[in-house]
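Dear colleague,

Please find below the structure that I am handing over to you. My notes on what was found in it follow directly after.

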Amino acid sequence: MPALLDVGSDLCRPLMQLLDWYLLHDAAGLLCGRLLAARAGMLSTLLEEAVRSSCADRRGTIAVAGAMHSLLVLAPAHAPLLERPLALVAQAVLQGPCEGQGEGYSELSLATFGGVAGRALLVAPSTFEAALSSAASALGLAQPLPAFCFAWLAVCDGMLLSSQRRLAALALAALLPLEPKALGCLEEVLSLCVSALADEEQPPPSPARSPPPEAVRAAFSHALEPFDSLAAMPLRPALQRSLGVAQEAHGAAFGAAIARVDPALLEQVRAAFGTV
């Protein structure tokens, strides 16, 4: 697999989609768990190089993020092998979009990368912390956690799917208790939580016919659903827990941050949660 990336970055997308299915079959027991157990080092190198090589190809970037997401869903115990590629992902998010500035990741790509890092935070926090620390060291950042919150929120318009907003709300709410300065983005996090909860109230979209490449991805996403513990997690109680932990952790600072929230948004928050 790694040799295919040397042939050209245009192979990145199909290679990542192939890896998706290998990971799924490994998790389902069809490969007897041999893929990750025997090839962790190779996969770490492969994904690290794929993140680097996909920079100028939006579809390739999305595919790489998808493969990392698949591994975190299907085999969270093996998340440490993602530490180096996740460090590159976190570094890209922290640096922000580079639209119209030559090479660089688009807002859509960075929103997707943020989701991968957010899932790592929720299912493998030590791997997330190590990756973010490496990214901060590379960029010379002293306080990467609030910087990551603000950077991810800055590309939230690139979240096209309700599942992306749901994951972002869960992860960003979970980040709030970890660092007092993260309260600087409390208003934006609450707005995202309200949007994610509103998505939950909407009826599921009608299935649509997709062109073959998208149909393959849709089929894989459907096959992944039974393995996704976060998708089955009730959203409102999870968000309430995270906000409650943040309130306990930060005390008066949390109250002061709530007092700065726009009154109209605060009414929406109270309607969605009861009280905050």
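I begin with helix H10, whose buried residues are covered by elements that include H8, helix H9 (162–175), helix H12 (235–250), helix H13 (252–259) and helix H14 (263–273). The covered positions in H10 are Leu186, Val189, Leu190, Leu192, Cys193, Val194, Ala196 and Leu197; buried means under 20% relative accessible area, exposed over 50%, and partly exposed in between, with a 1.4 Å probe and protein chains only. H10 spans residues 186–201, 16 residues in total, and reaches 23 Å from its first C-alpha to its last, close to the 22 Å expected at 1.5 Å a residue. That expected span is 1.5 Å times one less than the number of residues.

On the source: this is a predicted model, in which local features need pLDDT of at least 70 and side-chain atom pairs count only at pLDDT 80 or more, while totals for chains, interfaces and linings use all residues. Residues are numbered from 1 along each chain as its sequence is written, and side-chain values use heavy atoms, with hydrogens and water left out.

The mean pLDDT (the predictor's confidence in each residue, from 0 to 100) is 85 for the protein, and 83% of the residues reach 70 or more. Over residues 3–8 the pLDDT is below 50, and this stretch has eight contacts in the model beyond near neighbours in sequence. A contact means heavy atoms within 4.5 Å.

As to the overall fold, the protein has 14 helices and zero strands; both are DSSP runs numbered from the N terminus, helices being H or I with at least four residues and strands E with at least two. Buried residues make up 46% of the 276 residues. Among contacts with a separation of 6 or more, 74% join residues 24 or more positions apart.

Helix H6 (residues 107–123) is mostly covered, with 13 of its 17 residues buried. Its ends lie 24 Å apart from first C-alpha to last, close to the 24 Å expected. Thr112 is found in this helix and is buried, at a relative accessible area of 15%. A polar atom of the Thr112 side chain lies 2.9 Å from the backbone oxygen of Leu108. Leaving aside residues up to four places away in sequence, Thr112 touches Ile62, Ala65 and Gln164.

Turning to the aromatic residues, a search of the whole structure finds four aromatic pairs. Rings of Phe, Tyr and Trp (its six-membered ring) pair if their centres lie within 6.5 Å; planes under 30 degrees apart count as stacked, over 60 as edge-to-face and the rest as tilted. Trp21 and Phe220 form an edge-to-face pair, 5.1 Å centre to centre with 75 degrees between the planes. This pair links distant parts of the chain, as Trp21 belongs to helix H2 (residues 12–27) and Phe220 to helix H11 (residues 212–224), 199 residues apart. Trp21 is partly exposed at 28% relative accessibility, whereas Phe220 is buried at 1%.

Phe148 and Trp152 form a tilted pair, 5.8 Å centre to centre with 50 degrees between the planes. These two residues are separated by about one helical turn, because they are four residues apart in helix H8 (residues 144–154). Phe148 is buried at 1% relative accessibility, and Trp152 is buried at 1%. Ring pairs join Phe128, Phe148 and Trp152 into a cluster.

With kind regards

Definitions and conventions
Polar contact = N/O pair within 3.5 Å; in protein donor to acceptor, adjacent residues only side chain to side chain.
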